[in-house]
Amino acid sequence: MKRGTEHWLATSEYDFDTAKAMLDSGRYVYVVFMCHLSAEKILKGAIVEFTDIAVPPKIHLLNDLADLAKLSLTDEQRVFLKKLTIEQQKTRYPEDIRTFGKDYTKEYAQSILKQTKDFREWLLPLIKSAGS
């Protein structure tokens, strides 16, 4: 595995663990935000591992990152990554701080966390096997 890949995987895992901690503390907006960061960073690890791009672009569009990594995603994965990209925009740049987060329930945060976990569990072995 490339050295840069290891960095992206480690920070992706750290962000995923942070998302779990945010769920436990009831900060559901940040569960979603950290799930996006975790997915973004594992995708950037895939870019480094699967391509000649040593420094992935500083973008947050998950499907674009997946395309750069040359991943074959299912339609379900594409829909999830699109939703997560949209959600991070709302959490990063809230329109009205007084109502910020009212739509982020525990159940919704748990759902996003599980989908992120599933995505990571799908992608991580692909990355690790490429580096073998």
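Let me begin with overall size: a compact globule of 132 residues would have a radius of gyration near 14 Å, and this chain has 15 Å, which agrees; the radius is taken over C-alpha atoms, and the globule rule is 2.2 Å times the number of residues to the power 0.38. Please keep in mind that this is a predicted model, in which local features need pLDDT of at least 70 and side-chain atom pairs count only at pLDDT 80 or more, while totals for chains, interfaces and linings use all residues. Residues are numbered from 1 along each chain as its sequence is written, and side-chain values use heavy atoms, with hydrogens and water left out.

Turning to the fold, the chain has five helices and zero strands, where helices (H or I, at least four residues) and strands (E, at least two) are DSSP runs numbered from the N terminus. Of the 132 residues, 41% count as buried, meaning under 20% relative accessible area, with exposed over 50% and partly exposed in between (1.4 Å probe, protein chains only).

Now to the aromatic rings: which kind of pair do Phe119 and Trp122 form? The count comes to two aromatic pairs, and Phe119 with Trp122 is a tilted one, at 5.7 Å centre to centre and 35° between the planes; rings of Phe, Tyr and Trp (its six-membered ring) pair if their centres lie within 6.5 Å, and planes under 30 degrees apart count as stacked, over 60 as edge-to-face and the rest as tilted. Because they are three residues apart in helix α5 (residues 106-130), Phe119 and Trp122 are separated by about one helical turn. Phe119 counts as buried at 4% relative accessibility, whereas Trp122, with a relative accessible area of 29%, is partly exposed.
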